[in-house]
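Reader: I should like to learn how to read a protein model feature by feature. May we go through one together?

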Amino acid sequence: MFYYGGMTPDLASAGNAEARQAALATLGGQTRELIDAVVLTDVPEDEITAVTAELAALTGRLRTLQRTAPQSFEAGPDGVPRHPGNAVIGSANPHALPLIVESTPERTVRAELAFRPSHEGPPGWVHGGVSAMILDHLLGHAAAVAGSPGMTGTLSVRYRRPVPYGEPLLATAEHTRSEGRKTWVEGRIALPDGTVLVEATGLFITPSGWGRSGPE
Ligand SMILES: CCCCCCCCCCCCCC(=O)SCCNC(=O)CCNC(=O)[C@H](O)C(C)(C)COP(=O)(O)OP(=O)(O)OC[C@H]1O[C@@H](n2cnc3c(N)ncnc32)[C@H](O)[C@@H]1OP(=O)(O)O
């Protein structure tokens, strides 16, 4: 097992740490709902002003005590550590979908997903940078399950068709080859019928300090 960014794994073992993590995940989920509500709201201006004041008060309450270090890892239901603060998979990060990545016995990875209204780029469609971010993470995960964890060196994305939000999609990725510390991976986001919307290839590089199984 490896951990990104030289972070020391500190898996929640105490019951209160688990309960706290669950509470943070619930807060993250509620905030995602809030973000979508903000993006889609059509309430009158005075109501917008009133809600903004309430949100400012809530923001102040959370700001009274802030972390200065990255979040610790938590154990996922499959035993694989997850990073709750991660922008793609983090349960406690409202910015994350959050993506739940599964690996297959063939060491490929897959994730069912549906983008949200807050991911809009061109009106009605998902922002290309958001699709790239999802693919970056998925390709990195594929490199990791293939035994070659690394940092993204390059990511090349081909946008074949606009990506809808609010509809079920499937993202998949697989390792293609490795040479020394360099690993090439490819992946795609597709409709449930297999129509590819976006595809990507990436080069992941295992930093020299990590070894084959992660940071040392
Ligand atoms: C089981 C698992 C479950 C958990 C899964 C969790 C999944 C999480 C997934 C997360 C996924 C999200 C992941 C993220 O978001 S990672 C965040 C985005 N990426 C970064 O921030 C990376 C920043 N860059 C670096 O840290 C370093 O530059 C790296 C580590 C990339 C290389 O620094 P290092 O000092 O080690 O390299 P070197 O100089 O010894 O060169 C070594 C070789 O590599 C070649 N090279 C170097 N750079 C590049 C480049 N950019 N393109 C092409 N080639 C490059 C170089 O020519 C040389 O080749 P050669 O001359 O030997 O042929």
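This is a predicted model: local features need pLDDT of at least 70, side-chain atom pairs count only at pLDDT 80 or more; totals for chains, interfaces and linings use all residues.

Reader: What do the labels for helices and strands stand for?

Author: Helices (H or I, at least four residues) and strands (E, at least two) are DSSP runs, numbered from the N terminus.

Reader: Which residues of α3 are buried?

Author: A residue is buried if 20 or more other C-beta atoms lie within 10 Å of its own, exposed if 12 or fewer, and partly exposed in between, with C-beta atoms placed from the backbone. In α3 the buried residues include Ser131, Ile134, Leu135, His137 and Leu138. The run from Leu139 through Gly140, His141, Ala142, Ala143 and Ala144 to Val145 is buried as well.

Reader: How does one check the span of a helix such as α3?

Author: The expected span is 1.5 Å times one less than the number of residues. For the 18 residues of α3 this gives 26 Å, and the end C-alpha atoms are 26 Å apart, so the two values agree. After α3 comes Gly147, with a positive phi near 95°.

Reader: How many residues of helix α2 are buried?

Author: The count is zero among its 19 residues, and α2 is hardly covered. Helix α2 (residues 45-63) reaches 27 Å from its first C-alpha to its last, close to the 27 Å expected at 1.5 Å a residue.

Reader: Which residues come nearest to the ligand?

Author: A residue is near a molecule or strand if its C-beta atom, placed from the backbone, lies within 6 Å of it. Of the 18 residues around the ligand, the nearest are Gly140, His141, Ala144, Met151 and Gly153. Two or more residues of this shell come from each of α3 (128-145), β5 (151-159) and β8 (196-205). The most come from α3, which gives six residues.

Reader: How do the residues of that shell divide by type?

Author: Ala, Val, Leu, Ile, Met, Phe, Trp, Tyr, Cys and Pro count as nonpolar, Asp, Glu, Lys and Arg as charged, and the others, Gly among them, as polar. The shell around the ligand holds eight nonpolar, seven polar and three charged residues.

Reader: In what order do the strands of the sheet lie?

Author: Two strands pair if DSSP finds at least two bridges between them. Here six strands form an open sheet in the order β3-β4-β6-β7-β8-β5, with antiparallel pairing. Its edge strands are β3 and β5, each of which pairs on one side only.

Reader: How many bridges join these strands, for instance β4 to β6?

Author: Five bridges join the antiparallel strands β4 and β6, and Glu112 has Leu170 in β6 as its bridge partner. Between β3 and β4, also antiparallel, there are two bridges; Glu102 is partnered by Arg110 of β4. Eight bridges join β5 to β8, where Val157 has Ala200 as its partner.

Reader: Which backbone angles deserve attention?

Author: Most residues other than glycine have a negative phi, and most peptide bonds are trans. Arg107, in the loop between β3 and β4, has a positive phi near 65°. The hairpin of β3 and β4 has five residues between the strands. Arg107 counts as partly exposed because 13 C-beta neighbours lie inside 10 Å. A cis peptide bond, with omega about -5°, joins Leu97 and Pro98, and Pro98 lies in the loop between β2 (81-82) and β3.

Reader: What does the UniProt record annotate over residues 124-195?

Author: The unreviewed UniProt entry gives "domain: Thioesterase" for residues 124-195. UniProt positions are given in the numbering used here, feature names are shortened, and annotations may be inferred rather than shown by experiment. Over residues 124-195 the chain is 25% helix and 40% strand, and the end C-alpha atoms are 19 Å apart.

Technical notes
Residues are numbered from 1 along each chain as its sequence is written.
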